[in-house]
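Biologist: Could you walk me through one part of this model, the pair of assigned domains and the contact between them? Once that is clear, I would be glad of a few local details from elsewhere in the chain.

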Amino acid sequence: MALDWTSWAMLEREIVAFASKPEKATAQLKQAFKDPAIIPALCAVMTGSQNPQIRQSAAVMLRMRVKKHWKKISPDHRESLKAVVLQAFTQESVHVVRHSLSQLSAVMVKHETPDRWPALLELLNQSTKSNNPQDRQVGLLLLSKVVESNPEAFKPHYRQLLQLFGTVLQDLNNPPALYYCILTLTAMTPYTGSEEMNLMRSLIPNLIVALKHLLKADQDQASEAMEVFDELMESEVSIIVPHIAEIVRFCLEVGADTTLSDSLRVKALSCIASLIRLKSKTVLKHKLLNPILQTIFPVLSAAPPPGEEDPEDEENDSGDQSDSENPKHCAAQIIDTMALHMPPEKLFQQLMPLTQACLASENPYERKGGIMCLAVLAEGCADHIRTKMLSSVLQTVCRSLSDSNQVVRSAGLFALGQFSEYLQPDVSKYCDELMPLLLGYLSSLNEAKVGHVTKAFYALENFMENLGSDIAPYLPTLMDTMLSALNNASSLKIKELAVSAIGAIANAAKELLVPYFPPVIESLKGFLTATTEEMRPLQTQALDTLSVLARTIGNDVFSPLAAECVQLGLNLTDTIDDPDLRRCTYSLYSAVSTVSPDCLTPHLTAITTVMLLALKSTEGVTAHLEEDKTFVLLDDDDEDEDGKDGDAVLEDEAEPDIHDVAGFSVENAYIDEKEDACDALGEIAFNTGAAFQPFLESSFQQVYEMKDFPHEDVRRAAFAAMGQFCRAQHKVWKENPTEANHLALQKLLDIVLPCFLEAVRTERERQVVMGVFEAMNSVLKSCQGEALKSPGRLQEISHVIRDVLKKKTLCQDSGGDEPDDDDQQAEYDAMLQEFAGEGIPLLASAVPADTFAPFLNDLLPLIMSKAKSSCTVADRSFSVGTIGEVLQALVSVSGGRGVAGRLSNRLLPVLVAGVKDSDAEVRNNSVFGLGSLAQAAGPIVASDYPMMLSLFSNLLTKESDRRVIDNLCAALCRMIMSNVDAVPLEQVVPALVARLPLQEDMEENKTVYSCLAMLYKHNPALIVSQMKPIIAASSQVLGTKDLDAETQNTLAVLMREFAQKHSAEFQGAVTSLPVEQQAKLTAAVPAS
C-alpha cells in the first residue's frame, strides 16, 4: 500500500519508527523515498511537526534527496524549497534541527550559487548584524555551513564578510558566534586573493583574543577553531608573518597550560613547529627562540601523572604508537624542527644551557628530557655535533646507560640510535668503546622486558649498520647472540628484533657474513612460509632481511636462491592481503634484480601488476564522515535511471560530497607501500633493461600520477623512479641504438626533466627537492648530452641550480620578507644547495665547454662565495670540492682547456687558500682542485707551477691526514702529466714515491700509476732509480680491488718492463719484500 502523502502524520509515524529501528525501515518508506512527491511532504513535516527529532530527521532526509536529485526537481519546486528552508530556519528554536537545516541549505548552495538565492544573502545579512546575540549566533551558524560547502561562490562577498568578522570577533560574550565566525574564516582562507590580504592581516590580533575566550568556554570548539592557523600557514603564510610573535606567545600559553586537554596543547605546540618550519628566519628575527625554549623545556621534562608512565616507557610499547596526542612528544618535535631549520650556532647558544641543567638534575624525567633533546638534534645539526662536540655528547649518552632509572637508560638507547644514524662516519670511530658497551647492555637485559629490549636493539642495530669491515672482530659474538635468539627465544618480538639485526649486520659485514649464511637462511625459511596472523610481523621482517642479504652477501652465494625468492614473493602476495608484506616483496624483487635480473623476467607481468595496483589503490584512505550513516539505509539500493549508483554522488560531478567529509587520513602502511612500489619499479626497470620495455609506459604513467601525492615520501620516491626510467631507457638505447629507442628516450626526457624543474620551483618540502636533484643528477650522469638536446634545457637547469644557490625557491622560505645576508643557515638548507651544486660539474661534462661557459660564469661566484673563512666547514668543503669537480669535467670536453685557462686567475686564490685550511676535508678538496686545474688548463698555468709546487712541498712535510696525502700525490701526478717540463722531477718524484701506496683514496691509484708509466717512457733512468719503493708499493695493490682492470694492466706492464730490462735491480727489489708480497707480485706480473 502506498503511503498517503496528504497525511503527513502518516509520514511522521514512519520517520519515528525508522529513527528508533533503522534496520527495520519499512519497504513503504523506502519506496516513498524514491517518489519525487516526497519533497513537499518532507517540507511539511520539517516545518509543521511538534517533535524536534522528527523535524531534524526530515531535514536530513531532504538533504539526501536534494544532494542527489537536484537536477530532477522542477524549477517551481526548487524555488518553494528555498523559501521553505529559510522559513523553517528562522522559526526553528532547537539547535540540532537548526544545524541540520543549515547543512541542507549548504547542499543547496552547492547547486545554486548564492547570487541565485538572494533571500539567503538577505537572511544572512540581517541575522549576522542583528542586535540579538542569539540571532547573530544562528546567522553565523548558517553562514559557516553555506560558505564551507561552496567557498569559491562567495568570493565576491569576501570583503564584506571580513569586515563583518572584524566586528564579530569582538563579540567576546558570545562564544558560539566566535566559533562559527572562525570556522567560516578557515573555509575562506585558501580562496582569498591579494585584495583581501590586508583585511585578513588586521583580523589576526582580534582572532587571538577570540580564541582565548573560546578556550574558556569550550575546549573542543577552541581546538577545532585553532585549525585556522594551519589553514593560514598552508595557504598564505604572509598574512600571519607580521603577527608571528603574538601567535607564538598565544600557542606557548596554551601548550604550557596543563589544565587544558592534551589535544588542545598538541594543536598549539604543532602550530609552533609549523611556524618554525615555514618561517625560521622570522622566528629568530623576533627573538622568539628563547621564549619558545623556556616554555617547552618544562613540557619536555615533565614527569607523567602519579602511577602513570610516558607512552614510550610503557612495557608494551611497540615503538610505533602514534604519539600525536602527547604534548611531550610535540615539545621534542619543536626542537627537532629547530635543528632542521635554524643555524646550529644560534640554536646551540640558547639550547645547551637548558640541556646541561636537565642533564645535571636529580629528577630522572629532567635527565630524560636532556638526553631526548640531544637525540633529536642529531639529524638537523649533524655537522655541528660531529665537528664540535661529538666526544662530550657521546660520553653523556654512554653515562646515561648506567643511570639508576630505566626511563633515562631508555632515552640513552634512543639517543645512541639517533647518533649512529646521523653522525656518520665519525661516530663509528668510537666502535671499540661502544660495541662492548652495547653488547654488554643487551646481554644483561631480562628478555621479559620486551619494550626495553626493543630499544637496546634499536641502538645496537643503528650503530652496527655503518661499521663496514670494522664489525669483523664482533661478528662471532653478534651472530651467536642473534642465531641463539632465533632458535631459543620464546617471544616472537625478540625473534623479529634478531632477524632485523641480522640485516643490519649484513649491511656492514657484506661477504664476511658468508660462513653464517646457511644457518641464517635455514631460520628465515621457517619464518617466511608461516601462515598464522601472529607470525606476520616476523614474516615481514624476514623478507626485509632476505632483501638485505641479496644485496650484500655476494652474487655467487645468493644467485642460486634468486628464482626461489621471486616465487616466494609471488606466492605470499597471492595468499596474504597485507600492505606491509607486499611492500617487502617489492624490495625483495628489487634486490633480486641487482643479483640476477633474468630471474625476474618471466614474472614481470605479475610483479608490475601488483605494484601498479598498489599505486592506483585508495585502500587505507579513510574519509571521516560527519553524518551518522543511518539514513543511508533508506538509500542503499537507490540507483538513478542511468544505472549509476547514486549514493553520495551528484549527477554532474562524481565525487564524494565534501560537505559530509570531515577529513581524510591514510594509514601509514599504505603510504609505505606506495613509496616502496615506486622505488622498486625504478630499480627493476633499470636492472632488467630491455625485458622491462613492455611495462615501461604503464609503469611510468602510474608513477607520474604519484608526483602530486599528499605524502612527501611518496612524491620523493616517484621522482626517483622517473629518473630511473630515463636511465633505463637510455641503457636500452645504448645497447640497441635504433631510431625508435632514441625517440622513446627523448620523449621520456621531455616529460621528466621539465617535471623535475617545476618541482624544484614549487615543492614545499626540502627533502623532496633534494630527492628531485638526486634524480636529475643521476639522469645527467647517465644520459649526458642526450638530456640537454632540447633547446633551452641547459639554460633551464642552470637557472634552477642558480635559484637554489640564491635561496630563491619555495622550499627555502623565500617569502621575500627577510633579507638574507647572513652566512649562517640550517645544515639542511646547506645540504639542499649541495645537491643542486652537484649538477654543475655534470652539466660541464655533458656539453662542449664554450656552450656551458656563460652559465658557468653565472654559477661560479655563488659557489666561490661559500669558500670564505667565515663559512662553515661543510660550505667551504662543498665550494672547493665543486670547483675541483668542474675543472676535472673540463679535462675531457672539447674547448675545456681554454675555459679552464680563462678561469684560472679567479680560481687559483680560492684553491690556494683552501690548501691552507684548518679542516682536512677542505684541504683535500683544494689539493684535488689545484691538480685538476693543472690538468685542465695545461700550459696556460705553467707560470703558476713554482708557487703550486712550493705550496704542496710545505703541505707534504706537515700533513698527517692520509686522504690529503693521497690527493697530494695525485695532484703532483696531474701536474707532471699535464706539463712534464715545468716540474723539477728529480726532487718531486722521490718525494711522491715515498708516500706510496695510497691508503685512503684508492680511486687515485689510476692517476698515480698512469703517471709513473708515462715517466718511465719520458725519463727511464729516474724511475729505475726509484724502482725499490715503486715495487714495494705495487706489490701491495696488484691483484686487489684497489685497482681497476686498466690500472692493473698498466702496472703489470711496467713491472714486466722492469723485470726484462733491469732484471738485477728488479730481483733485488723483489727479494727485499716479505714472502707473501713476493708471491703476489710474481702471480700478477706474468698473468697480464
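Modeller: Happy to. This is a predicted model, in which local features need pLDDT of at least 70 and side-chain atom pairs count only at pLDDT 80 or more, while totals for chains, interfaces and linings use all residues. Residues are numbered from 1 along each chain as its sequence is written, and side-chain values use heavy atoms, with hydrogens and water left out.

The two domains are domain 1 (870-983) and domain 2 (999-1087); their bounds come from an automatic or database domain assignment. Between their C-alpha centres there are 26 Å. Domain 1 brings 13 residues to the contact and domain 2 brings 11 residues, where contact means heavy atoms within 4.5 Å. About 1100 Å² is buried between domain 1 and domain 2, and carbon and sulfur atoms give 64% of that area. Buried area here is the accessible area (1.4 Å probe) that two parts lose on being put together, summed over both. On the domain 1 side, the residues that lose the most area to domain 2 are Arg-962, Arg-963 and Met-977, which together account for 39% of what that side buries.

The packing also involves the largest nonpolar core, which has 373 residues. Such a core is a set of buried Ala, Val, Leu, Ile, Met, Phe, Trp, Tyr and Cys residues joined through side-chain atoms within 4.5 Å. Buried stands for under 20% relative accessible area, exposed for over 50%, and partly exposed for anything in between (1.4 Å probe, protein chains only). Phe-229, Ile-292, Phe-773 and Met-1055 have the most contacts inside this core. The core lies between domain 1 (870-983) and domain 2 (999-1087), because both give residues to it. If you look around Met-1055, leaving aside neighbours within four places in sequence, you will find contacts with Ile-1030, Ile-1031, Ser-1034, Leu-1038, Phe-1066, Leu-1081 and Val-1085.

In the model, residues 907-945 are 72% helix and 0% strand, with 15 Å between the end C-alpha atoms. Helices (H or I, at least four residues) and strands (E, at least two) are DSSP runs, numbered from the N terminus.

Now the backbone. Most residues other than glycine have a negative phi, and most peptide bonds are trans. Against that background, Leu-996 and Pro-997 are joined by a cis peptide bond with omega about 0 degrees. Pro-997 sits in the loop between helix H47 (985-994) and helix H48 (1005-1018). Another cis peptide bond links Gln-424 to Pro-425, with omega about -5 degrees, and Pro-425 belongs to the loop between helix H22 (406-422) and helix H23 (431-443).

Two lysines have a positive phi. Lys-510 has a phi of about 50 degrees and is in the loop between helix H26 (492-509) and helix H27 (517-528); its relative accessibility of 36% makes it partly exposed. For Lys-807, phi is near 60 degrees, and the loop that holds Lys-807 runs between helix H38 (793-805) and helix H39 (827-837). At a relative accessible area of 18%, Lys-807 is buried.

Asn-687 is in helix H33 (residues 668-688), and its side chain makes a polar contact of 2.9 Å with the side chain of Ser-593. A polar contact is a pair of N or O atoms within 3.5 Å; within protein, one must be able to donate a hydrogen and the other to accept it, and residues adjacent in sequence count only if both atoms are side-chain atoms. Cys-783 belongs to helix H37 (residues 766-783) and is buried at 3% relative accessible area; leaving aside neighbours within four places in sequence, Cys-783 is in contact with Cys-726, His-730 and Leu-749. Cys-181, in helix H10 (residues 175-188), has 0% relative accessibility and counts as buried. With the neighbours within four places in sequence again left aside, Cys-181 is in contact with Leu-140, Phe-165, Val-168 and Leu-169.
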